[in-house]
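Me: I am new to this structure and would like to go through it step by step. Could we begin with the strands and move on from there?

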Amino acid sequence: MSDTETSRRNFLALTAAVPAALALGGVAAAQTSEAAPGALAAGGRAAIVTGSSRGIGAATARRLARDGFAVTVNCLVNTDLAAQVASEIEADGGRAIWLQADVADPAAVRALFDANEQAFGGVDVVVSNAGIMNTAPFAQFTDEAFDRMIATNLKGGFNVLREAARRVRDGGRVISLSSTSTLAKRATQGPYAATKAAQEAMSGSLAKEMAGRRISVNAIAPGPTNTALLDVPPQAIEQVSTMIPYGRIGEPEDIANAIAALCASDGEWINGQLVFANGGFM
Ligand SMILES: NC(=O)c1ccc[n+]([C@@H]2O[C@H](COP(=O)([O-])OP(=O)(O)OC[C@H]3O[C@@H](n4cnc5c(N)ncnc54)[C@H](OP(=O)(O)O)[C@@H]3O)[C@@H](O)[C@H]2O)c1
């Protein structure tokens, strides 16, 4: 990692770690909402979706908002996109705040949950979605790329699940983003797949730790999905599409729909599982 990149990340981590970080986020039009800050209407539920400024996270934030959740949107650097997702939710009649917080930093994750709690009174659904994918053959994989992925995906996933374990209300849901790459074992994806397999391992244990509280904890494993993370040429998309019975790769909304199904009351009995959401790709 370059010095500039390290300084930028340190700055982001520091700013997200203190309450002043709220100044970097916002309660999008919450002042115009009828519910008082810190309280949801009776029966109201709140969700935190990490990495929801774009891609699968943004689609999930929008979908959960449509399903009646007040949503805390989160980003690392794209504050404009996070603010836009929150504003769109509000414009559609939902409730949302957004906050910049690096999931790799435990203090920033605590600040994220604090902000959600201040705005909505507590959390019922946590979607640990923020993630990055660095790929290269082992012989060329750099320490910097490996360490950054471990910090974001593994340590970040741990930070979010730990805070979820402490704060999710009874009857809630915790969902971690894994990947079909854990089974596919494609060349260049070994370290990435390892960080995603860790999500399955951690969420399986957490499901057992939540015993007696009706909190279902699952990992969801998308296949190739049309986001910036899938940084491959169009020919590669075409080729991979032929390996999916639907004849196309996934859209972020396909994954958001599957997450929403796990969060619905009918999804309660799906617990401690790894759920593949990949259109049949393998
Ligand atoms: N797309 C696929 O084909 C695919 C397949 C299987 C699994 N997945 C998994 O699905 C999840 C979402 O992927 P995606 O395709 O939607 O990715 P994406 O489009 O690249 O979006 C990544 C999101 O994560 C945020 N983020 C990155 N690092 C972060 C950090 N340290 N702290 C907080 N937020 C951070 C980004 O925020 P900024 O906008 O601020 O950068 C962005 O909102 C990932 O965990 C990924 O491994 C994706």
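Me: Is strand β1 enclosed or open, and why?
Reply: In this predicted model, five of the five residues of β1 (residues 45-49) are buried, so the strand is largely enclosed by the rest of the structure.

Me: Which residues lie on each side of β1?
Reply: Arg45, Ala47 and Val49 are on one side, while Ala46 and Ile48 are on the other. Both faces are covered, as all of these residues are buried. As a general point, side chains in a regular strand alternate between the two faces of the sheet.

Me: What does β1 pair with?
Reply: β1 pairs with β2 in the parallel sense, over five bridges. β1 is also joined to β4 by three bridges, and those two strands run parallel.

Me: Which residues stand opposite each other there?
Reply: Arg45 stands opposite Phe69 in β2. Ala47 has Val125 of β4 as its bridge partner.

Me: And what unit do β1, α2 and β2 make?
Reply: They make a β-α-β unit, and it is right-handed.

Me: Moving along to β3, how many of its residues are buried?
Reply: Five of the five residues of β3 (residues 96-100) are buried, which leaves the strand mostly covered. Ala96, Trp98 and Gln100 point one way, and Ile97 and Leu99 point the other way.

Me: How many bridges join β2 to β3?
Reply: Five bridges join β2 (residues 69-75) to β3, and the two run parallel. Within this pairing, Val73 stands opposite Trp98.

Me: Changing topic: which residues come nearest to the ligand?
Reply: Of the 33 residues around the ligand, the nearest are Gly51, Gly55, Asn78, Gly131 and Thr227.

Me: What kinds of residue make up that shell?
Reply: There are 16 nonpolar, 15 polar and two charged residues.

Me: Which element gives the most to it?
Reply: α2 does, with three residues. α2, β2 and α5 (143-167) each supply at least two.

Me: Last topic, helix α9: what span should it have?
Reply: At 1.5 Å a residue, the twelve residues of α9 (residues 252-263) should span 16 Å. The end C-alpha atoms are 17 Å apart, which agrees.

Me: Which of its residues are buried, and what do they pack against?
Reply: Pro252, Asp254, Ile255, Ala256, Ala258, Ile259, Leu262 and Cys263 are buried. The buried residues of α9 pack against α2, β4, β5, β6 and β7.

Conventions
Residues are numbered from 1 along each chain as its sequence is written. This is a predicted model: local features need pLDDT of at least 70, side-chain atom pairs count only at pLDDT 80 or more; totals for chains, interfaces and linings use all residues. Helices (H or I, at least four residues) and strands (E, at least two) are DSSP runs, numbered from the N terminus. The expected span of a helix is 1.5 Å times one less than its number of residues. A residue is buried if 20 or more other C-beta atoms lie within 10 Å of its own, exposed if 12 or fewer, and partly exposed in between; C-beta atoms are placed from the backbone. Two residues are in contact if their C-beta atoms, placed from the backbone, lie within 7 Å. Two strands pair if DSSP finds at least two bridges between them. A residue is near a molecule or strand if its C-beta atom, placed from the backbone, lies within 6 Å of it. Ala, Val, Leu, Ile, Met, Phe, Trp, Tyr, Cys and Pro count as nonpolar, Asp, Glu, Lys and Arg as charged, and the others, Gly among them, as polar. A crossover is right-handed if, with the strands pointing away from the viewer, the path from the first strand over the helix to the second runs clockwise.
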